[in-house]
Amino acid sequence: MNPIHEKIPMLIHNGRLMSESSLIVQYIDEVWNHESPLLPSDPYECSPAWFWVDLVDKKKRGTLAKEPRRS
């Protein structure tokens, strides 16, 4: 856990700290893309991955709008 911002997940690489899921995914994909890319190179094919990253970020922050229950 990031002791300053109290956030999870966290990535520390070469002494640099990142604590947002979307930033971590983008950083990993750019730094190690030549070895094993996380995301497709085609922007259209990449969009579903960013949808899921955004959804997880919102869910972990509790910002997803709760839909009313249907009977």
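A residue counts as partly exposed when its relative accessible area falls between the buried range, under 20%, and the exposed range, over 50%. With 30% relative accessible area, W50 is therefore partly exposed. Keep in mind that this is a predicted model. The mean pLDDT of the protein is 78, and 73% of its residues reach 70 or more. Here's a quick tour of some residues to look for.

**Confidence by element**
- If you compare the helices and strands, confidence is highest in β1, at 90.
- Helix α2, which covers residues 43-61, has the lowest confidence, at a mean of 84.

**W50 and its contacts**
- You'll find W50 in helix α2.
- Leaving out residues up to four places away in sequence, W50 touches S22, V25, Q26 and L39.
- Take S22, one of those contacts: S22 and W50 sit 28 residues apart along the chain, yet 7.8 Å separates their C-alpha atoms.

- H13 is part of strand β1.
- Is H13 buried or exposed? Its relative accessibility is 19%, so H13 counts as buried, since the cut-off for buried is under 20%.
- Once you skip residues up to four places away in sequence, the contacts of H13 are Y27, V31 and W32.
- Next up is N14, which belongs to the loop between β1 (11-13) and β2 (16-18).
- N14 has a relative accessibility of 67%, so this residue counts as exposed.
- Check the backbone of N14 too: its phi is near 50°, a positive value in a residue other than glycine.

**Aromatic pairs**
- To describe a pair of aromatic rings, you give the distance of the centres and the angle of the planes.
- How many aromatic pairs are there? The count comes to two.
- Y27 is buried, because its relative accessibility is 17%.
- W32 has a relative accessible area of 27%, so it is partly exposed.
- Then there's the pair of F51 and W52: the ring centres are 5.1 Å apart and the planes meet at 80°, so this pair is edge-to-face. The angle cut-off for that label is over 60 degrees.
- F51 is partly exposed, because its relative accessible area is 47%.
- W52 comes out at 51% relative accessibility, so it counts as exposed; the cut-off for exposed is over 50%.

Methods:
Residues numbered from 1 in each chain as written. Predicted model: local features only at pLDDT ≥ 70, side-chain atom pairs only at ≥ 80, totals over all residues. Heavy atoms only, no water. Helix = DSSP H or I, 4+ residues; strand = E, 2+ residues; numbered from the N terminus. Buried < 20%, exposed > 50% of the residue type's maximum accessible area, 1.4 Å probe, protein only. pLDDT = per-residue confidence, 0-100. Contact = heavy atoms within 4.5 Å. Phe/Tyr/Trp six-rings, centres within 6.5 Å; stacked < 30°, edge-to-face > 60°.
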